[in-house]
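Please have the viewer open as you read.

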Amino acid sequence: MKPAAGKRKIQKILLDWFDRDQRDMPWRNSRDPYPIWVSEIMLQQTQVKTVIPFFERWMKSFPTLQKLACSREETVLKHWEGLGYYSRARNLHRAAKVVVKEHKAKVPDSYDTLIKLPGIGRYTAGAILSIAFDQPVPVLDGNVKRVLSRLFVMQGNGVPAAHENRLWEVSAQLVPGKRPGDFNQAMMELGATVCLPKKPLCLVCPLHKRCEAQQQGVVDQFPAPQARARTQKIEVSAAVITRGGKVYIQQRLHGGLMGGLWEFPGGKRKPDETEEACLKREIKEELGVPITISKKLMTLKHSYTQFRVTLHVFWCPWKSGRIRATQCEQWKWVKYEDLKQFTFPAANAKIVKSLMSNGGKF
Ligand code: SF4
């Protein structure tokens with residue numbers, strides 16, 4: 001089927017279905033571009049039900065772009081803690097400053113201007129322009145890709161970039177002049193709730209009579225499975241260094257992976273090292289002091305997109321020496337109960353939770 005052929009019918013079916021069956025989401029009650037923008041950034045890589053409480057807390061603390069722009073990065077990152085992919089929060093913060101400074105605190109309604117803001121790509125620009133400004137601009141996220149691939153039996157033929165371009169073209173052909181934002185949201189909603197990656201609910205799908213893959217009985221072939229990138233496994237040793245009722249933490253360098261977040265010192269184990277030898281070497285390199293390991297506290301596993309970390313955590317009561325931490329932004333001795341004021345990457349946050357629950361009694 002050529003997209004243009006059944007275009008109006010598809011638009012009507014999807015909009016009727018969306019009016020009837022759309023899920024309730026806090027950002028859907030408004031056409032204000034700022035909350036729509038925030039929700040779209042949070043929804044990248046994260047499911048709706050996870051995002052809702054983060055979104056509500058964010059809007060309470062940063063109800064306007066001005067308020068966000070003048071907030072400290074540490075505060076902004078703290079509101080993102082638990083969502084992961086912190087560059088999204090950092091970019092949103094930077095973009096808010098640009099909008100306040102250069103656009104009188106009004107979210108731009110032109111594609112060319114929006115796309116220049118930090119963290120806004122083709123998808124986010126399309127979502128903001130169509131939902132907040134009623135402009136017929138397409139979107140293409142993972143859900144829309146899957147729906148379109150099945151609806152029009154579109155395969156990649158081994159050239160992902162060309163396939164993606166064709167999908168953008170089809171999405172642009174389909175988006176209507178009237179209610180473009182609702183139509184785009186309907187496509188995304190259909191992919192998230194009906195046209196699922198595995199076991200799509202074709203029997204209850206409003207488009208099942210128009211869907212080529214369904215008609216041909218080849219739904220499970222779309223989209224074609226992609227070669228999965230191999231996940232790297234990393235072994236890390238980390239130190240909980242304590243002195244009196246306080247614990248040592250340091251802030252990761254800005255600009256690097258998870259930059260600006262706080263962590264317990266440590267690092268990657270070399271192939272020929274024990275966990276303890278790795279920790280002693282890392283602390284000597286990072287802090288410039290030797291440490292004594294008292295005991296192992298825990299082993300944690302955490303998965304990131306590209307790698308899986310096994311974190312071996314040791315208790316190291318402070319001995320002596322002068323800390324010269326050169327590979328971090330700053331470092332501090334912090335009371336256990338104050339740890340919650342700092343933002344940690346997910347794996348380190350598990351250590352914090354444990355320390356706060358037992359008050360540092362090992
Ligand atoms: S009929 Fe099935 S495969 Fe086709 S769009 Fe609907 S859910 Fe997806």
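## Cysteines

The sulfur of Cys-316 lies 11 Å from the closest cysteine sulfur, which belongs to Cys-278, and that is too far for a bond. A disulfide is counted here when two cysteine sulfur atoms are within 2.5 Å, and searching the whole structure turns up 0 disulfides. Cys-316 is buried, at 0% relative accessibility. Cys-195 is buried too, with a relative accessible area of 11%. In these terms, buried means under 20% relative accessible area, exposed means over 50%, and partly exposed is in between, using a 1.4 Å probe and protein chains only.

Before going further, a word on the model: it is predicted, local features need pLDDT of at least 70, side-chain atom pairs count only at pLDDT 80 or more, and totals for chains, interfaces and linings use all residues. Residues are numbered from 1 along each chain as its sequence is written, and side-chain values use heavy atoms, with hydrogens and water left out.

Helices (H or I, at least four residues) and strands (E, at least two) are DSSP runs numbered from the N terminus. The expected span of a helix is 1.5 Å times one less than its number of residues. The table sets two helices side by side.

| Helix | Residues | Length | End-to-end C-alpha distance | Expected span |
|---|---|---|---|---|
| Helix 11 | 180-193 | 14 residues | 20 Å | 20 Å |

Helix 3 buries Val-48, Val-51, Phe-54, Phe-55, Trp-58 and Met-59. Contact means heavy atoms within 4.5 Å, and the buried residues of helix 3 pack against helix 2 (33-43), helix 4 (65-69), helix 5 (73-80) and helix 6 (87-102).

Helix 11 is mostly covered, with 12 of its 14 residues buried. Among them are Phe-183, Met-187, Met-188 and Leu-190, along with Asp-182 and Glu-189. The partners of these buried residues of helix 11 are helix 1 (7-21), helix 2, helix 8 (122-133), helix 9 and helix 10.

## Helix 9 against helix 10

How do two packed helices get described? By the angle between their axes and the distance between the axes. The axes of helix 9 (residues 142-151) and helix 10 (residues 160-174) come within 10 Å and cross at roughly 85°. Axes are lines fitted to C-alpha atoms, for helices over the stretch in contact, with angles running from 0 to 180 degrees between N-to-C directions. Helix 9 and helix 10 are therefore roughly perpendicular (65 to 115 degrees). Helix 9 contributes Val-144, Lys-145, Leu-148 and Ser-149 to the contact, while helix 10 contributes His-163, Glu-164, Leu-167, Val-170, Ser-171 and Leu-174.

## Loops

Asp-134 is partly exposed, with a relative accessible area of 43%. Val-153, in the loop between helix 9 and helix 10, also has a positive phi, of about 35°. At 24% relative accessibility, Val-153 is partly exposed.

Gln-341 belongs to the loop between strand 7 (331-335) and helix 14 (346-358). Gln-341 is exposed, with a relative accessible area of 51%. Leaving aside residues up to four places away in sequence, Gln-341 touches Glu-74 and Lys-78. Gln-341 and Glu-74 are 267 residues apart along the chain, and their C-alpha atoms are separated by 9.1 Å.

Note on methods
Parallel < 35°, antiparallel > 145°, perpendicular 65-115°, else oblique.
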